[in-house]
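Keep the structure open beside you as you read.

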Amino acid sequence: MTTIDTGLPLSRRQGWQKLLAHRTAIAPLDLSFLFGDDPFRADHMNASGAGLFFDYSKNRITKGTLELLLDLARECRLPDRIEQMFSGEKINPTENRAVLHVALRSSREDVFRVDGVNVVPDVHAVLDRMIRFSRRIRDGEWKGRTGSPIRNVVNVGIGGSDLGPVMAYEALRHYSARDMRFRFVSNIDPTDFHEATRDLDPAETLFIISSKTFTTLETMTNARTAREWIRHTLGEGAVGRHFVAVSTNTDEVRAFGIDPENMFGFWDWVGGRYSMDSAIGLSTLLAVGEEHFQTLLEGFREMDLHFRSTPLERNLPVLHGLLCVWEGTFLGSATRGVFPYDRYLKRLPAYLQQLTMESNGKHVSLDGTRVDYDTGPVFWGEPGTNGQHSFYQLIHQGTRIIPSDLIGFLHPLHPTGNHHDILIANLFAQAEALAFGRTEADLRKQGVPPSLIPHRICEGNRPTNVILAERLTPHTLGTLIAFYEHSVFTQGTLWNIDSFDQWGVELGKILAQKILPELTGDPAAPLTHDSSTNALIQRYRNARLSDR
């Protein structure tokens, strides 16, 4: 296992103490003052790379703030940690694993080593198999049990095996095969499976079962329901023509009835929430085809190169990560909003929730000691402009400051009248309004009755980042997701935590396995949980008895 020199905890570093003093010094300043004091602020508080433009001028920072944050990043050895990740060192110490999702989008000429072995040939071998399979499905060569081509693809997974594929499909729907239907099943609630399949013809339906171990409770329960759905209509022999697997467990895949030749694997150095560009992305490849999927990977790769090679002060993911640490740890913002002004990105906030909160929702440092500062904030959001008519009220006039990312595109995919002009006008207006607000003096000039002025004041000083790209393409989606992946890494490095394990996910699963047989067992059997859980189980038992 590679030893990682974690150094001092964040709160004991010299850079931390300087930032605390700096925070006190600039506390009286707000964004209106900062822009008034520096007419060229927007010119030097932006950065570009990999097709993204990042305006961070509307953050509660000065040039000095940024310099101190960059000093802290160097003190935390961020450049070294970046290189450790790209070099395949085992920077996930609690699982003794490398973290090498960047290898998933490598070119064939690249070299990424794990335990001294270049993994790139294996990555491309799997990708080549995926592409060949995709061609057979999309060209109609692969037939179902009755000889019908596949027209429906249902991805069955959960967590990273679902959130990435469904987000990518929705984001790239414009580029997808419109003569096919793509559905996604993740929730153990039977409604999810029922609604996903109710209007599908089994003879034309392919299920992708996405589970690395092929033992995940929710996924395999849904998979067995799907198997029975196919078997009931088409017979036992249909399973092999209507199911493929994304897994590494050959024995379980074969026992399910899937030919291991139709199993697509990945590796333990790929975390679930970083896997959408691995074989987990098979549904994405089937939807958009190999050319667009390769372009998606190129977008990831371009941002990877930017992150690895660009100086910190111009490095987009580094700057975003530092600002997240500044707002969350030093200024106490508990949440961060993500508001894409593009309907195709409606599932992006949900995807980022897992990416950020499963990665950095940690309370101990790399050496196992309790941290004495706040780590990962709550990420949430919805597309604009819908959110402006619901939760933006709280962002503008609530008592909590919520830093936000506003994401937009300069060119629409569907030019229609002035729709896109209105959309982008709203994006820019919200960033301006959140930054500068509406003062009492403004309202008096407008002739607002004095009794209403307190209700209509917007204090401003609400920080935003504006992220712009030319248009939403597969390449842009790749750069955008890699941007957030590397921002998460930057934040975790400063907080000195392991951004790549997720032990907190397991406890609820363990307890569910204990409770499950108690729900349907002997109603008189004693229960050994707390009084609340015991009462809830007993209430469910009674309800089940009344159903008999």
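## Cavities

This is a predicted model, and a search of the whole structure finds 3 cavities of 30 Å³ or more. The largest cavity has a volume of about 70 Å³. Which residues line the largest cavity? They are Leu104, Val123, Val126, Leu127, Met130, Trp267, Asp277, Ser278, Ala279 and Leu297.

Helix α6, residues 120-138, gives the most to that lining, with 4 residues. Sorted by class, the lining of the largest cavity has 8 nonpolar, 1 polar and 1 charged residues.

The largest pocket holds about 1,100 Å³ of space. It is lined by 43 residues, and the closest to its centre are Thr216, Gly272, Gln502, Val505 and Lys509. Helices α7 (160-171), α9, α14 (348-360) and α20 (506-520) each supply at least two residues of this lining. If you sort the lining of the largest pocket by class, you get 14 nonpolar, 18 polar and 11 charged residues.

The second largest pocket has about 450 Å³ of space. Its lining has 20 residues, with Asp342, Arg343, His414, His420 and Leu423 nearest the centre. Helix α16, residues 419-436, provides the largest share of the lining of the second largest pocket, with 4 residues. By class, this lining divides into 7 nonpolar, 7 polar and 6 charged residues.

Strand β5, residues 152-156, runs parallel to β6 and is joined to it by 5 bridges. To find your place there, look for Asn155, whose bridge partner in β6 is Phe184.

## The mixed sheet

Another open sheet has 6 strands in the order β1-β2-β13-β12-β10-β11, and its pairing is mixed. The edge strands here are β1 (46-49) and β11 (378-380), each pairing on one side only. On average, neighbouring strands of this sheet are turned by 15° against each other, direction ignored. Within the sheet, β12 (residues 404-409) and β13 (residues 464-469) run parallel and are joined by 6 bridges. Asp405 stands opposite Asn465 in β13.

Helix α13 lies across β1, β2 (52-55), β10 (335-340), β12 and β13, and runs at about 30° to β2. Helix α14 packs on the sheet too, touching β10, β11 and β12, with its direction at about 165° to that of β11.

## Helices packed on α13

Helix α13 also has helix partners to look at. Helix α4 (residues 63-75) packs with α13 (residues 316-330) at an angle of about 100°, and their axes are 10 Å apart. The two helices are therefore roughly perpendicular to each other. From α4, the contact uses Thr65, Leu66, Leu69, Leu70, Leu72 and Ala73, while α13 brings Leu319, Leu322, Trp326 and Phe330. By class, this contact of α4 with α13 has 9 nonpolar, 1 polar and no charged residues.

Helix α1 (residues 14-26) packs with α13 at an angle of about 75°, with the axes 12 Å apart. Why is α1 described as roughly perpendicular to α13? Angles of 65 to 115 degrees count as roughly perpendicular, so the angle of about 75° makes α1 roughly perpendicular to α13. On the α1 side, the contact is made by Trp16, Leu19, Leu20, His22, Arg23 and Ile26, and on the α13 side by Trp326, Thr329 and Phe330. The contact of α1 with α13 has 6 nonpolar, 2 polar and 1 charged residues. Trp326 and Phe330 of α13 take part in the contact with α4 and in the contact with α1.

Conventions: Residues numbered from 1 in each chain as written. Predicted model: local features only at pLDDT ≥ 70, side-chain atom pairs only at ≥ 80, totals over all residues. Heavy atoms only, no water. Axes fitted to C-alpha atoms, helices over the stretch in contact; angles between N-to-C directions. Parallel < 35°, antiparallel > 145°, perpendicular 65-115°, else oblique. Contact = heavy atoms within 4.5 Å. Nonpolar A, V, L, I, M, F, W, Y, C, P; charged D, E, K, R; others polar. 1 Å grid on protein atoms, 1.4 Å probe; cavity = no way out; pocket = protein on both sides within 12 Å on 5 of 7 lines; lining within 4 Å. Points joined across faces, edges and corners; volume = space filled by probe spheres on them. Pairing = 2+ DSSP bridges.
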